[in-house]
Amino acid sequence: MEKEKKEKKEKAETVPKNDGMWLLKSIFSKKSNTDGDADSNVKSSPDQNPPFSFLSAHANAVVSLCSKTLGISTNALQEQFDLELPDNLKQPDSHARNFLEFCSYKALGLAITQPNYLNDKEFRRLTFDMMIAWEVPGVASDQIDKETASCSSQDVEGEDGWSLFYSNSTKMAVEVDDKKTVGPEAFARIAPACPVIADITTVHNLFDVLTSSSGPRLHFLVYDKYLRSLEKIIKFVQNAVGPQVISNLSLAEDEIIIDIDGTVPTQPVLQHIGMSAWPGRLTLTNHALYFESGVGLYDKAVRYDLAKEMKQVIKPELTGPLGARLFDKAVMYKSTSIAEPVYLEFPEFKGSSRRDYWLDICLEIHRAHKFTRKYNMKGNQLSEALARAILGIFRFRAVREAFRVSSSNYKTLLCFNLAESLPGGDMIMQTLSSRLTLISPTAGQQEILSSPNANRKHVLPAALMTLITLKIVPSKEGELNGEATYQGVDVCVGESNPLEAVVKQLKQDTGMAEAAQATVDQVKVEGIDTNLAVMKELLFPLIETYNRLQRLISWDDPFKSAMFVLFTSYLIYTDWIKYMLPSIFVFLALVMLWRRYTWKKRQLGAFKIVAPPSKNAVEQLLTLQEAITQAESLIQSGNIILLKTRALLYAVAPQATVKLSIVLVLTGIVIAVLPLKYLMLLVFVESFTMNMPLRKESSERGLRRIREWWVRIPAAPVELVKPDDKKRK
C-alpha cells in the first residue's frame with residue numbers, strides 16, 4: 001500500500017506545471033481546510049467517529065464535522081436520529097439522506113446561534129459541503145457519481161481544442177470543476193436551515209438568480225461571493241445607527257434601519273412636492289420611510305408611515321423639473337396623512353434600477369404590515385413576519401450588489417412581494433399565517449423550550465432570533481438562549497414544508513402566466529391609429545351585427561324588417577326570450593369545445609390587420625388634437641345634459657317640470673300595472689316600428705317636438721372657483 005501511494009505521488013509530481021488545464025484545476029479544484037479537516041477527523045479518530053457503511057465518503061465527512069460542531073460522537077447522533085424520528089423516515093431508500101439532513105440541521109441550528117457566523121470561512125464551506133453530500137448521500141449514489149466524474153474528467157483531459165478565454169469567469173469555473181456544484185433541490189433543502197441565507201418561499205428564485213450566469217448548477221465561488229456580500233450588508237445595518245441619525249429620525253424602540261440612500265453627492269435622492277424639489281437622504285426602517293432634506297448637514301426628517309392603515313399608495317411615477325413628467329425614475333407615496341402626493345426621485349444616467357430597488361423594498365415592508373393586520377398578529381408573531389421581510393431585503397440587496405442582476409415579479413426574492421405577484425399568491429399568505437400562529441405571541445425561547453408542549457406544537461421565531469443573533473434587533477431578557485438550538489426553522493427532516501409545497505404547486509401557474517404575459521408584450525402596438533385599426537378588426541363581428549340591426553330598424557327591406565319584428569314579438573310574448581342569453585352562452589361553449597378537440601395539432605394563426613398609412617410627427621399631433629377636441633365636445637354635451645336635468649329637478653323651468661312629472665307618474669303606473677313581458681313587447685314594437693312607412697312621418701314629428709321641448713330648458717348655473725394654493729410653495 002505504501003509503495004502504491006509513493007508511485008501515485010511521483011506520478012502526480014511529474015505532471016507538467018505549464019499545462020493550462022492543470023493550472024485552472026489547481027485554482028478552482030483546490031480543497032478547502034474544511035474538507036481536509038473532515039477527512040482527517042474520520043481517519044484520526046476511528047473509535048469515536050467511525051464511518052457509516054450506508055453513507056458515501058463525502059456524507060461521512062460532513063456527518064463527522066456535524067458531530068464535531070455539536071460536541072458529540074457520530075454514534076450519539078445516530079441514536080438521537082433513531083429516537084426522535086418516526087420509522088417511515090428510516091426506510092432503506094431514504095435512510096442515508098434523512099440521516100444526513102438530521103445531522104446537518106442539528107449542526108446548523110447550533111452554528112447560527114454564534115455571532116458573525118457568516119464571516120467564518122469554515123461555516124460557508126460546511127454549508128456547501130452539506131449540499132454536495134445531500135446529492136450523493138449513500139454508497140450507491142457515490143459510486144455513480146465517481147463513475148460519471150471519471151468519465152467527464154477523461155473527456156475534458158482528452159480534448160485538444162479547449163480555450164482559456166471564456167465569456168464568463170463563473171462559467172469557466174463550472175466547466176473546469178463541475179464536481180463542486182450543487183443543484184436546486186440540494187440548495188432548497190440545506191440553505192433555508194439558515195434563515196439569513198434563504199427563505200423557504202423564495203429559495204428556488206434565489207437559486208435561479210445565483211445560477212443565471214452559470215447554468216443550472218451552483219458553484220461554490222458564486223455561493224461564497226453571495227454570502228460575503230450578505231455579510232457586508234449586515235455589517236452596514238449593524239453600524240447604520242449613529243448619534244446624528246438617532247437625533248434626526250427619532251426612531252421608536254422597536255424600529256431598525258434597513259437601508260439608507262442619498263448620502264453620496266453624485267447619487268442624491270430628490271423629494272418633489274408640487275412644483276418644488278429638495279435633495280436629501282432617504283432612510284427605510286421596518287415601520288416607515290424618513291426623508292431628511294439637505295446635503296451633508298440634514299434637517300429634521302419627515303416621516304412617511306408604512307405600518308398603519310392610511311390607504312397608502314406606493315407606485316412608480318414620472319417626475320421632472322417644475323412638476324414636468326419626463327423621467328421614469330421616481331416612487332410616489334400617497335396616504336391620508338399628507339395633503340398631496342410625494343415623489344421621491346432617484347436620478348441615474350442609465351436605467352431605473354435604484355428606483356426599482358427602493359420601490360420593491362418599500363412595498364415589501366408595507367405588504368408585511370398589511371399581512372400582519374389582516375391576520376391580527378401580535379408580539380412575536382408580528383416581529384417574525386417583519387423579520388422575514390427584513391431578511392428578504394438583505395438577500396435582495398446582497399444579490400443586487402454582488403451580481404448586478406434584477407429579478408422579475410415572478411422571480412423576486414421578497415416573500416410578500418412574491419405572494420402579491422404570483423397567481424394564487426394568497427395561498428402562500430394563508431399557509432404562512434398558519435405557520436406563524438404556532439409561534440407563542442409572548443413567550444421567549446427559554447419558556448417555549450421548557451414548556452411541556454414544546455415538542456408538539458410551538459415553534460420558535462427563527463427569523464427574529466436570527467436578527468437578534470446578528471445584533472440587529474436588541475435581545476430581551478429570556479428571549480434568546482445561547483445554548484439552545486433553533487427548533488423553529490422552515491425545514492423538516494425527510495419532509496417538505498407546507499410553504500415549499502404551496503410554492504411548488506404555484507410554479508406551474510407562474511410559468512403559464514409568464515408565457516401569457518410574453519404574448520401580451522408581443523402584440524402591443526404603438527400609435528392611436530394602429531390601435532384603433534386593431535380594435536376595429538377584432539370587433540368586426542359585433543360591428544357587423546350592429547349594422548344589420550340598423551338596416552332592419554331603418555326598414556330598407558320591409559319584408560325582412562316585418563319578419564324580424566313578428567318573430568321577436570312572438571318570442572317575447574311566449575316567454576322564450578329568457579332562453580336567448582343562455583342559448584348564446586351554450587353555443588359559444590360548444591364552439592370553443594369543438595375548437596379545443598378538433599384543432600389539437602393546429603396553431604392559431606396570426607390575426608392579419610391592414611396597417612393604416614404611416615404619419616409623421618406633425619400629422620400625429622394633429623390627429624391627437626382632433627381626438628382631444630372630439631372628446632372635449634362629448635364631455636361638454638354630457639355636462640349640458642346633466643345641468644338641464646338638474647334644472648328640471650329643481651324646477652328652474654316650471655312648465656317643463658310639470659309636464660315631466662306627469663309623464664313620470666303615468667310611466668310608473670304603467671310599469672306597476674302591466675306584466676314585464678308586455679312592457680318589453682311594447683318597448684320593442686315602438687322602437688322597431690318608428691321608421692316603418694306607415695309611422696315614419698308621425699314619428700319624425702314626435703321626435704321634433706321632443707327636441708324643441710328640450711332646447712327650451714335652461715341649464716343650471718355653474719361657478720368655477722380657483723383652488724387654494726397657499727400650501728404650495
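## Aromatic pairs

Rings of Phe, Tyr and Trp (its six-membered ring) pair if their centres lie within 6.5 Å; planes under 30 degrees apart are stacked, over 60 edge-to-face, and the rest tilted. By this rule, the whole structure holds 22 aromatic pairs. The structure is a predicted model, in which local features need pLDDT of at least 70, side-chain atom pairs count only at pLDDT 80 or more, and totals for chains, interfaces and linings use all residues. Residues are numbered from 1 along each chain as its sequence is written, and side-chain values use heavy atoms, with hydrogens and water left out.

## Phe54 and Phe99

The ring centres of Phe54 and Phe99 are 5.9 Å apart. Their planes meet at 70 degrees, so the pair is edge-to-face. Phe54 sits in the loop between helix H3 (33–44) and helix H4 (57–70), while Phe99 belongs to helix H6 (residues 95–111). The pair therefore ties together parts 45 residues apart in sequence. Helices are DSSP runs of H or I, at least four residues long, numbered from the N terminus.

Buried means under 20% relative accessible area, exposed over 50%, and partly exposed in between (1.4 Å probe, protein chains only). Phe54 is partly exposed at 23%. Phe99 is buried at 0%.

## Phe81 and Phe102

What is the geometry of the pair formed by Phe81 and Phe102? The centres are 5.6 Å apart and the planes lie at 70 degrees, so this pair is edge-to-face. Phe81 is in helix H5 (residues 74–84) and Phe102 in helix H6, 21 residues apart. Phe81 is buried at 0% relative accessibility. Phe102 is buried at 4%.

Phe52, Phe54, Phe81, Phe99 and Phe102 form one aromatic cluster.

## Charges over rings

A charge sits over a ring if NZ of Lys or CZ of Arg is within 6 Å of the ring centre and within 35 degrees of the ring normal. Arg125 lies over the face of Phe220, 4.4 Å from the ring centre. Arg596 places its charged end over the ring of Tyr597, at 5.0 Å from the centre.

## Nonpolar cores

A nonpolar core is a set of buried Ala, Val, Leu, Ile, Met, Phe, Trp, Tyr and Cys residues joined through side-chain atoms within 4.5 Å. The largest has 120 residues. Phe187, Ile197 and Phe394 have the most contacts inside it. Helix H15 (residues 379–403) gives the most to this core: eleven residues.

Leaving out residues up to four places away in sequence, Phe187 touches Met131, Pro192, Val203, Leu206, Phe207, Leu210, Leu218 and Tyr223 (contact means heavy atoms within 4.5 Å). A second, separate core has eight residues, including Ala240, Ile257, Ala288 and Ala301.

Definitions and conventions
Helices (H or I, at least four residues) and strands (E, at least two) are DSSP runs, numbered from the N terminus.
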